[in-house]
Amino acid sequence: MPDPMRIRANVHADGVDVRVLMSHEMETGQRKDADGSIVPAHFISNVTITHAGKTVLSAEWGPAVSKNPYLQFKFQGGSKGDEITVTWVDNKGETRTDKATIA
Amino acid sequence: MRPGRREFVKLSGVFATLAAIGLLGEDEARAQQLAWNKAAFETKNLADTIKALGGSGVAESKDIAMTVPDIAENGAVVPVAVASAIPGTQTIYILVEKNPNMLAAAFTLPPGTEPGIATRVKMAQTSNVVAVVKANNQFFVASKEVKVTLGGCGG
Amino acid sequence: MNARNFLACGALIALAGACATQRYTPPTDQETLAVIRAGFQDRGIAKVDRLNQTELQAACSKYRNNPPLEVRAQLEKAAAASVKYPGDGRWLGDFKQGERIAQTGVGLQWTDTATTVNGGNCYACHQLTKEEISFGNLGPSLYHYAKTHGTGEPTLRYTWGKIWNTHAYHACSQMPRFGDAGILTEEQIRHVMALLLDPDSPVNR
Amino acid sequence: MGRDRAAAFAGALTSVALVLLAGGAAAQNSTTDEIARYRQMLQDGNPAELLVARGEDLWKTARGPNDVSLERCDLGLGPGVVKGAYARLPRYFADADQVLDFEGRLVYCMVTLQGFARADAVKNPFSGVGERQTDIEALTAYVVDASHGMKIDVPQEHPREKAAFERGRYLFYMRGGPYDFACSTCHGADNQRIRLQDLPNFEKSEAARRAFAQWPAYRVSQGALRTMQWRINDCFRQQRFPEPIFVSQATIDLITFLGVRANGGTMEAPSIKR
């Protein structure tokens, strides 16, 4: 199973600041291994972040997003103690969901 | 913060298991996978990318603020932040002109989410980083050059 | 170092915590070298015999790169004698190939092979052109080298000698002996010479 | 990481990236200023955090033939004390009758507590390109993170500790191999760079403190957390030396020399670097 994410969500005057780190190789499909054969592409293709049953961010990624991806954004309407849920799916169908409480 | 983290680690374990045995989330996961715009992620130039994203043209905009380093010490991780001041911003796309495939990432920002995003992308070489914003179903663009340098003493 | 002292110390520490008061004798060079040798292994082309120091390496290590005058003179003389100048009088090759050699630093690491074409890695330590902004500063800037040094026979000889065996001019220089140690071939050195001295080279533009 | 720093970040910055927008426009900086800005932009969101979490779980998991966790491992401050331990290593351990760095001590605990064969414990300590990070890397991430913000205090009381320092110094200045390099070739003068990478001068405490404080580090160029033993290993590779043996006395001696030079600094590891 993929490693857990690190999620920070903090309330500020102008909204909830969300920062997410994901553990993923993000193989480009361009790299060759020691034997000279191409390492197949393996990357997170979709990310969905929800708060109170509503999507606050969705993303489509290609393999050019850096290894162990990081993203940061801000949304309105969240309060301290609320839960946000982050789900990613990769191009091999692996998925991972983690939750964090807004601080 | 530690107990919180451990808690969600356990929780998500449960979710992953449920997804794996098909009780929860698998349909959702599959739907998400289907929502990946393969054609757009295989484009080699801006015009083709815009077309694959459903646009007919693109206009330069001063209302897109990009934060990228002028020089990246390593191309594997180039921090990119894009903020749009264009009303009705729906989606922010990050593209790297000289990568094998130009489109790196697309972020859809529903109402209530600030029209800004920060992430990190790979750059194969010195190139323009391009931010495209879709607002009211029209496309806008801004770009900035990032120099990718060589480092170290062994390579 | 007295091994027995330390064994006793190990046993004593539980009793009295008296170790810190044990007499300390600095390790001899021989003891140190034995520990160093035991701490390395062959890997690929990088064998442990690389720890066997040359006379120059030993002297420069011992004197922290600042040897007494007479030692210095002797090292420089020996280095000067090692320089092999181009037999056919052809000093300059192709500056474009020279630029590639200056850019790459591969070679002679355990991750390289015996057939790896070595680089010169000049940019690691020197500025050379205006275009390449990623350059080190362990060595002096060589930008506009031909303009500052001229292109006459003395400069050609000096530059070749400096690349072949830098110690001919400065006993404990930090620069590798590109010719003497077999890092670059004679032909590769010609290309690097061209990078530095060809008027059309980006170094001199 | 995380815990304390997360709060600090949240408090100090509404958003690193968006705040930087303001400064981005006025960009006519020199190359080194721009590189500094690049490094600054990386500081938030260090993927080493992902590995700290894995390392913590691993530390507390019963493993090995003896099926025990590492929670009773004595890192020098008593069995089970992890907080602050990394900042005081290498040091002399009476039970091992040896000066050990963190990774050396970890191997010792894996062998003596968990019952691993030494050969298994030291096998493949560093992950390769595209490989999952090793257990040793994960455990190191966890333990060093627990010394974040602590003063570097590498002891020089025991005669063995003093001898380790002396031998480490000898190795630091020892020129060898086909390039005639020593550690001091690159790390013995102020304000030196290889390409655009700064080279700390280990003859000066201030530079030594800054450098030592930032290892282990997440290397973005490799997409992996790298340990101090890896740092030493990769320096010797580029120095064109033979390969230093993982946690050999010679590597520990060198780390002791560097650590003592850095005494008084404040641990910032795991950091994030090129």
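View 1. Strand β7 (residues 95-101) of chain A is mostly covered, with 5 of its 7 residues buried (under 20% relative accessible area, 1.4 Å probe, protein chains only; over 50% is exposed, in between is partly exposed). Strands here are DSSP E runs of at least two residues, and helices are H or I runs of at least four, numbered from the N terminus. β7(A) pairs antiparallel with β6 (residues 83-90) of chain A over 7 bridges; pairing takes at least two DSSP bridges. One thing to spot is A:Trp88, whose bridge partner in β7(A) is A:Arg96. In the turn of this hairpin, A:Gly93 has a positive phi of about 90°.

This is a predicted model, so local features need pLDDT of at least 70 and side-chain atom pairs 80 or more, while totals for chains, interfaces and linings use all residues. Residues are numbered from 1 along each chain as written, chains are lettered from A and ligands numbered from 1 in written order, and side-chain values use heavy atoms, without hydrogens and water.

**View 2. A salt bridge within chain A.** A:Lys74 pairs with A:Asp14, closest N and O atoms 3.1 Å apart (the rule: a Lys or Arg side-chain nitrogen within 4 Å of an Asp or Glu carboxyl oxygen). The two sit 60 residues apart in the chain. A:Lys74 is buried at 3%, whereas A:Asp14 is partly exposed at 32%.

View 3. D:Glu243 meets C:Arg43 at 2.7 Å, N to O. D:Glu243 is buried at 10% relative accessible area; C:Arg43, at 36%, is partly exposed.
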